[in-house]
Amino acid sequence: MSYNCPVCGFEKLTFEPYDEKGLASYQICPCCGFEFGCDDFPEKEEAFEKWRLKWIEDGCVWFSRNPPPLDWNVQEQLKQLQNR
Ligand SMILES: [Zn+2]
């Protein structure tokens with residue numbers, strides 16, 4: 001099971017960013033570096049948006065020290081995000 005990052009659209013998060021009660025996983029997205037429960041202050045949706053714009057502006061750089069999945073395609077990922 002994998003989950004989508006609400007910020008960058010990365011589709012292979014190990015944990016659900018927020019559970020059904022809205023509690024954060026405190027996982028850091030390996031793609032955009034957003035930490036759920038930490039970087040979403042004070043307003044989630046707004047924080048997502050800001051972080052996403054900055055991430056795109058900075059050239060959509062892979063965040064984690066571990067390499068991205070072999071089939072990682074940032075253009076495709078952003079397209080999916082826009083469709084949501
Ligand atoms: Zn992300």
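**Reading the terms off a predicted model**

The secondary structure of the protein chain comes to 2 helices and 0 strands, where helices (H or I, at least four residues) and strands (E, at least two) are DSSP runs numbered from the N terminus. The model is predicted, and local features need pLDDT of at least 70, side-chain atom pairs count only at pLDDT 80 or more, and totals for chains, interfaces and linings use all residues. Residues are numbered from 1 along each chain as its sequence is written.

Me: Why does the radius of gyration of the protein chain agree with that of a compact globule?
Reply: The radius is taken over C-alpha atoms, and the globule rule is 2.2 Å times the number of residues to the power 0.38. With 84 residues the rule gives a value near 12 Å, and the protein chain has 12 Å, so the two agree. Along its principal axes the C-alpha trace spans about 35 × 30 × 25 Å.

Me: Why does aspartate 39 count as partly exposed?
Reply: A residue is buried if 20 or more other C-beta atoms (placed from the backbone) lie within 10 Å of its own, exposed if 12 or fewer, and partly exposed in between. Aspartate 39 has 18 C-beta neighbours inside 10 Å, and therefore counts as partly exposed. Of the 84 residues of the protein chain, 23% count as buried.

Me: What is aspartate 39 in contact with, leaving aside its neighbours within four places in sequence?
Reply: Contact requires C-beta atoms, placed from the backbone, within 7 Å, and on that basis aspartate 39 is in contact with Phe34, Ala47 and Trp51. Aspartate 39 itself lies in the segment before helix H1 (44-57), and its C-alpha atom is separated by 8.6 Å from that of tryptophan 51, 12 residues apart along the chain.

Me: How do you know that the reach of H1 is close to the expected one?
Reply: The expected span is 1.5 Å times one less than the number of residues; H1 has 14 residues and reaches 20 Å from its first C-alpha to its last, close to the 20 Å expected.

Me: What puts the buried residues of H1 on the same side?
Reply: The buried residues of H1 are Phe48, Trp51, Arg52 and Trp55. They cover an arc of only 105° around the axis (the arc of the directions from the helix axis to the C-beta atoms), which puts them on the same side of H1. The face turned away from that buried side carries the exposed residues Glu46, Leu53, Lys54 and Glu57.

Conventions
Two residues are in contact if their C-beta atoms, placed from the backbone, lie within 7 Å.
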